[in-house]
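Welcome to this tour. Please open the structure in your viewer and keep the selection tool at hand; each stop says what to pick and what is there.

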Amino acid sequence: MQREKVEIKGSKDGFYAVFEPGLTLVHAISLLQEKLQQDHDFFENSYFTHLTSDTLSENDKLIIARFMEEHYGIRFDKSTFHTEEDNTKKDETLEEEINRRVQEILKTQTKNTTFNLNKNAIVDDKNQMKTFFVYETLRSGGDIQFDGHVVVIGDVNPGGRVTASGNIIILGYLRGIAHAGAKGDKNCFVVAERLAPIQLRIANAIAIASENNKLIEEPLIAKILNDTIVIESVLSHR
């Protein structure tokens, strides 16, 4: 049986969460939120002793704890987080983390772009295109269609579909179908922290996954080059 990416366990002192290695902060919160929503009444106002992860920093864990407190009333023993005094990201909120991650991706591909999470919109100064945010994992049968950019804070599972006239950014795993530039814009792109789609479409170009494709453990970008969809590392664009 495949191990879950996030497990919530109990002890005599309270609950604690165990995260699979390799999860980013945003992805970890998305998966944890999905778990908590399944048993919202059970976990509401509960007490968590600690979070366990081999890859999340102590500051990341503190952000997760704040998120759980604000959205679910969960109490936390913050003495278990050993943040360093000189950590410049010490007071970074989840919203600021999402802002920073999206900005890092967007600045590699577009210029003159501003991002305002509070208004739930990225406004491309050139095209005046807005963005729709999805704060959850898109399961099989889920279908997002938007005239603009789409940012998914979570996964797109097999059977899930995202269609946008602009760009698509997945802060998680893309295992379903993504169609960027749905109105024919060949300059659009699809970015995912982990890219393993069933099908990718940009404008009228289509790419279908091969059974032999291996998951690459880094953010990737899909775009059109010479009328063909190509996939490259996001890191190479910085």
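Predicted model: local features only at pLDDT ≥ 70, side-chain atom pairs only at ≥ 80, totals over all residues.

**Stop 1: a pair with Glu 232**

Select Lys 223 and Glu 232 and show their side chains: the two meet in a salt bridge, at 3.5 Å from N to O. Is Glu 232 buried, partly exposed or exposed? Its relative accessibility is 27%, so Glu 232 counts as partly exposed.

**Stop 2**

Now select Asp 227 and Lys 186. Their side chains form a salt bridge with an N to O distance of 3.1 Å. Which parts of the chain does this pair link? Asp 227 sits in the loop between strand 16 (220-225) and strand 17 (228-233), while Lys 186 belongs to the loop between strand 12 and strand 13, and the two residues are 41 apart. Asp 227 has a relative accessible area of 55%, so it is exposed. Lys 186, at 45% relative accessibility, counts as partly exposed.

Next, pick Lys 183 and Asp 147, whose side chains meet in a salt bridge at 3.0 Å, N to O. Here too distant parts of the chain are linked: Lys 183 lies in the loop between strand 12 (177-180) and strand 13 (190-195), and Asp 147 in the loop between strand 8 (143-146) and strand 9 (149-152), 36 residues apart. Both Lys 183 and Asp 147 are exposed.

**Stop 3**

Switch to a cartoon view and look for the open sheet of four strands, ordered 1-2-3-4 with mixed pairing. At its edges are strand 1 (6-11) and strand 4 (75-76), each of which pairs on one side only. Zoom in on strand 1 and strand 2 (residues 14-19): they run antiparallel and are joined by six bridges.

**Stop 4**

Finally, select residues 25-38, which make up helix 1. This helix has 14 residues and reaches 20 Å from its first C-alpha to its last. Where does helix 1 lie? Helix 1 lies across strand 1 and strand 2, running at about 55° to strand 1. Helix 1 is mostly covered, with 12 of its 14 residues buried. Among the buried ones are Leu 25, His 27, Ile 29, Gln 33 and Lys 35.

Terms used
Residues numbered from 1 in each chain as written. Heavy atoms only, no water. Expected span 1.5 Å × (residues − 1). Buried < 20%, exposed > 50% of the residue type's maximum accessible area, 1.4 Å probe, protein only. Pairing = 2+ DSSP bridges. Contact = heavy atoms within 4.5 Å. Axes fitted to C-alpha atoms, helices over the stretch in contact; angles between N-to-C directions. Salt bridge = Lys/Arg side-chain N within 4 Å of Asp/Glu carboxyl O.
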